[in-house]
Amino acid sequence: MSGTRREIPNDPGRRDRILDAALDVIAEGGVHRTTHRKIASRAGVPLGSLTYYFNGMDDLLALAFARLAETMSQLYRRTLHGAGSPAEAEAAVVELICGPAYATERDMTLIFEMYAYANHNTAVAATTRSWLRRSRESLALHFTPGVARALDALIEGWPMHRRFDATPLNRQLVAGVVHAVVSAAPDLPDEQL
């Protein structure tokens, strides 16, 4: 029978709103305080919608973290893709580390939560590995695989330190370290991404 309620969704954006709400709830209170009820309330949907779209909390969290990783990967890729020279590529890396768009305070909270949850959830661990691979592939647009791996560690690690340090990052210091890593390329082992 055509035209049934099941065939015509009355709220086609509901699933996405639930995933976004899950990330909001995680950012505010952590995975350990995330509940179906809090997510449904934040998304403005009936509680039953969560079990309609997701196979339990683990599935919902895994898909929410996959959404986070995809969003962050796209930003990472766009930032690096626009670089037209080696100097611009280095500047793009510095922007990823120091700039306001990548790794905001909220993003860092979600990344910490994702990494911790990945230790206990194979789907989120796979998402995390995929994100690392995509990040290195984006860096490999401009750098060798060994340099890409080293720069990715800086891009991930320096904002983590910034999150807990009381002083802002020194952009000049970051630029110098990025340049030193890039300049060391001939001495770094070439490895797979």
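Is tyrosine 115 buried, partly exposed or exposed? Tyrosine 115 is partly exposed, at 22% relative accessibility, where buried means under 20% relative accessible area, exposed over 50% and partly exposed in between (1.4 Å probe, protein chains only). The model is predicted: local features need pLDDT of at least 70, side-chain atom pairs count only at pLDDT 80 or more, and totals for chains, interfaces and linings use all residues. Residues are numbered from 1 along each chain as its sequence is written, and side-chain values use heavy atoms, with hydrogens and water left out.

**View 1. Overview of the chain, with nine helices and zero strands.** Helices (H or I, at least four residues) and strands (E, at least two) are DSSP runs, numbered from the N terminus. The order of elements from the N terminus is α-α-α-α-α-α-α-α-α. Along the principal axes, the C-alpha atoms fill a box of roughly 65 × 40 × 25 Å. Of the 193 residues in the chain, 42% are buried. Contact means heavy atoms within 4.5 Å; among contacts between residues at least 6 apart in sequence, 71% join residues at least 24 apart.

**View 2. Residues 12-72, listed by UniProt as "domain: HTH tetR-type" (unreviewed entry).** UniProt positions are given in the numbering used here, feature names are shortened, and annotations may be inferred rather than shown by experiment. The span is 75% helix and 0% strand, with its end C-alpha atoms 24 Å apart. UniProt also places a "DNA-binding region" (unreviewed entry) at residues 35-54.

**View 3. Aromatic pairs, of which the structure holds six.** Rings of Phe, Tyr and Trp (its six-membered ring) pair if their centres lie within 6.5 Å; planes under 30 degrees apart count as stacked, over 60 as edge-to-face and the rest as tilted. Tyrosine 52 and tyrosine 53 make an edge-to-face pair, 4.8 Å centre to centre with 85° between the planes. Ring pairs join Tyr52, Tyr53 and Phe54 in a cluster. Tyrosine 53 has a relative accessible area of 28% and is partly exposed. The rings of tyrosine 115 and tryptophan 131 have centres 6.3 Å apart and planes at 35°, so this pair is tilted. Because tyrosine 115 lies in helix 6 (residues 105-118) and tryptophan 131 in helix 7 (residues 122-139), the pair ties together parts that are 16 residues apart in sequence. Tryptophan 131 is buried, at 1% relative accessibility.

**View 4. Crossing of helix 1 (residues 14-29) and helix 6.** The two axes come within 9 Å and cross at roughly 90°; axes are lines fitted to C-alpha atoms, for helices over the stretch in contact, and angles run from 0 to 180 degrees between N-to-C directions. Helix 1 and helix 6 are therefore roughly perpendicular. Angles under 35 degrees count as roughly parallel, over 145 as roughly antiparallel, 65 to 115 as roughly perpendicular and the rest as oblique. Asp20, Leu23, Asp24, Ile26 and Ala27 of helix 1 meet Arg106, Thr109, Leu110 and Glu113 of helix 6.

**View 5. Aspartate 107 in helix 6.** Aspartate 107 is buried, at 10% relative accessibility. Leaving aside neighbours within four places in sequence, aspartate 107 is in contact with Met72, Ala101 and Tyr102. Aspartate 107 and leucine 23 are 84 residues apart in sequence, and their C-alpha atoms are 9.6 Å apart in space. Alanine 103 is found in the loop between helix 5 (86-98) and helix 6. Its phi is near 65°, a positive value in a residue other than glycine, and alanine 103 is buried, with a relative accessible area of 3%.

**View 6. Packing of helix 4 (residues 57-81) and helix 7.** The axes are 10 Å apart, at an angle of about 5°, which makes helix 4 roughly parallel to helix 7. Residues in this contact include Phe65, Met72 and Tyr76 of helix 4 and Val124, Trp131 and Ser135 of helix 7.

**View 7. Aspartate 152 in helix 8 (residues 145-164).** Aspartate 152 is buried, with a relative accessible area of 3%. Not counting residues up to four places away in sequence, aspartate 152 touches Tyr76, Leu132, Ser135, Arg136 and Leu139.
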